[in-house]
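Welcome! Try each task before reading its solution.

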Amino acid sequence: MSGTLQAVRGMNDILPEHAARWQFVEDGIRSVVEAYGFREIRMPIVEKTELFKRSIGEVTDIVEKEMYTFEDRNGDSLTLRPEGTAGCVRACVEHGLLHNQAQRLWYTGPMFRHERPQKGRYRQFYQIGVEVFGFDGPDIDAELLMMTARIWKALGLQHVSLQLNSLGTSEARARYRDDLVGYLSAQFERLDEDSKRRLATNPLRILDSKNAQVQAVLDAAPSLSDYIDDASKQHFEALCGLLDAADIRYEVNPRLVRGLDYYGRTVFEWVSDRLGAQGTVCAGGRYDALVEFLGGRPTPAVGFAMGLERLVALLESEGAPVPDSAPHLYLVAPGTLAQQQGLLLAERLRDLLPQLRVITHCGGGSFKSQFRKADRSGARYALVLGEEEVQKREAGLKPLRENSEQEMVHFDQLAARLASLFGWA
Ligand code: ATP
Ligand code: MG
């Protein structure tokens, strides 16, 4: 077969021109979570299929139709991770990280789900996730939400709002599920295909249907909040109180549920109205049953994951300035001697100025063609070195983004001059 090869549908290249914004998002999130004492954990991208079936649940969208599952050469069934929580819990249990100790962990990397690609929804996408193990009180839930609020501030994001709900205990949810199924079965013909299917498999998921008619049917449905047990209710009220005290605004949304079976009590989503249908940029909650279910000792847990493509898109739509990643300096050095000395001069500058981004012209060529490349590189200054300059141990510093004269600077003064020009002095 001939023709050029293309990336797999729904899996995107992130090109260099977009990398600065991605790094800004990643660095911003990382520095905030580290300020709260979180430590990074890195898990494999591939896990045994069984892990996801057991933790996410057999009748969820992810496990039923979105997983990239394959047989490896030994005949084991493996799956590209669709999310990070399962692998994180598996790693913690496997390495004894939860024995008599709490953990605050974060991770990042690509996740894979075979969904219909559209804006904000891809088949490979990136998440940063955090998981906390060992605390069952509402204080840690509150602190996680304070941390997310601080992340939005660090990134300069304005248009996100918090939705909050409590799912109660599994007993409360089971009683609610029965009544919800009873109510919806009587309205069966008004449901869309998706909801009809879910009625038999995962009825709570019908609550977050995007279909307007289904939402209208739900208006008269029993509400989960009437089924919540007292202890969960107190937990939730305490969380709300802590958020009020911290001045974090939220909306209680009784229809907010999560796709995973093991969520209980607190669930939340940060949603933006600037991203169309794919508006959730961060989602999470409490999953106190999962660690034990996967073979560990009973350990309360709470966490969330952020979708990085959506955060990058949100920054763009809010018009946030793109962080400057252009080189500071482009070294123009025509001729063999200047080329050789130029490489050494650039090394010396890198020794002295760790922040400096300097590109040396490689590949020879005339002064004119080198200078043209310097201009195209986006660099703020060209540093010009010819044979004569080498003899005098000086270089020409020529601003490229403004119309002003070249100045001659002695090699020994160069680092200090650059530091003062860039405000590093
Ligand atoms: P949605 O309702 O949008 O399908 P979800 O409940 O499946 O989301 P989670 O599993 O909670 O999503 O993942 C956490 C976050 O990861 C989401 O809020 C979103 O920002 C991001 N995310 C999830 N799936 C995708 C995807 N296919 N493409 C891009 N980002 C995604
Ligand atoms: Mg989904």
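A nonpolar core is a set of buried Ala, Val, Leu, Ile, Met, Phe, Trp, Tyr and Cys residues joined through side-chain atoms within 4.5 Å. Keep in mind that this is a predicted model.

**Exercise 1.** Find out how many residues the largest nonpolar core has, and which of them have the most contacts inside it.

*Solution.* Start with the count: the largest nonpolar core has 45 residues. Within it, F133 and L184 have the most contacts. Next, look at where the core comes from: the elements that each supply at least two of its residues include α2 (49-56), β5 (103-112), β6 and α6 (170-186). With five residues, α4 gives the most to this core.

**Exercise 2.** Pick out the residues that L184 touches, leaving aside those up to four places away in sequence.

*Solution.* The partners of L184 are L191, L199, I206, V217 and L218.

**Exercise 3.** Which residues come nearest to ligand 1?

*Solution.* Of the 14 residues around ligand 1, the nearest are R113, E115, R121, R258 and T280. Sorted by class, the shell holds five nonpolar, four polar and five charged residues. The largest share of the shell, three residues, comes from β10.

**Exercise 4.** Locate side-chain and backbone atoms that lie close to oxygen atoms of ligand 1.

*Solution.* First, the side chain of Q127 places an N or O atom 2.9 Å from a ligand 1 oxygen. Then R310 has a side-chain N or O atom 3.3 Å from an oxygen of ligand 1. Finally, a polar backbone atom of G307 is 3.4 Å from a ligand 1 oxygen. Taken alone, ligand 1 exposes 590 Å², and the protein buries 90% of that.

Methods. Residues are numbered from 1 along each chain as its sequence is written. Chains are lettered from A and ligands numbered from 1 in the order in which they are written. This is a predicted model: local features need pLDDT of at least 70, side-chain atom pairs count only at pLDDT 80 or more; totals for chains, interfaces and linings use all residues. Side-chain values use heavy atoms; hydrogens and water are left out. A residue is near a molecule or strand if one of its heavy atoms lies within 4 Å of it. A polar contact is a pair of N or O atoms within 3.5 Å; within protein, one must be able to donate a hydrogen and the other to accept it, and residues adjacent in sequence count only if both atoms are side-chain atoms. Accessible areas come from the Shrake-Rupley method with a 1.4 Å probe; for residues, only the protein chains shown count as cover. Helices (H or I, at least four residues) and strands (E, at least two) are DSSP runs, numbered from the N terminus. Ala, Val, Leu, Ile, Met, Phe, Trp, Tyr, Cys and Pro count as nonpolar, Asp, Glu, Lys and Arg as charged, and the others, Gly among them, as polar. Buried means under 20% relative accessible area, exposed over 50%, partly exposed in between (1.4 Å probe, protein chains only). Contact means heavy atoms within 4.5 Å.
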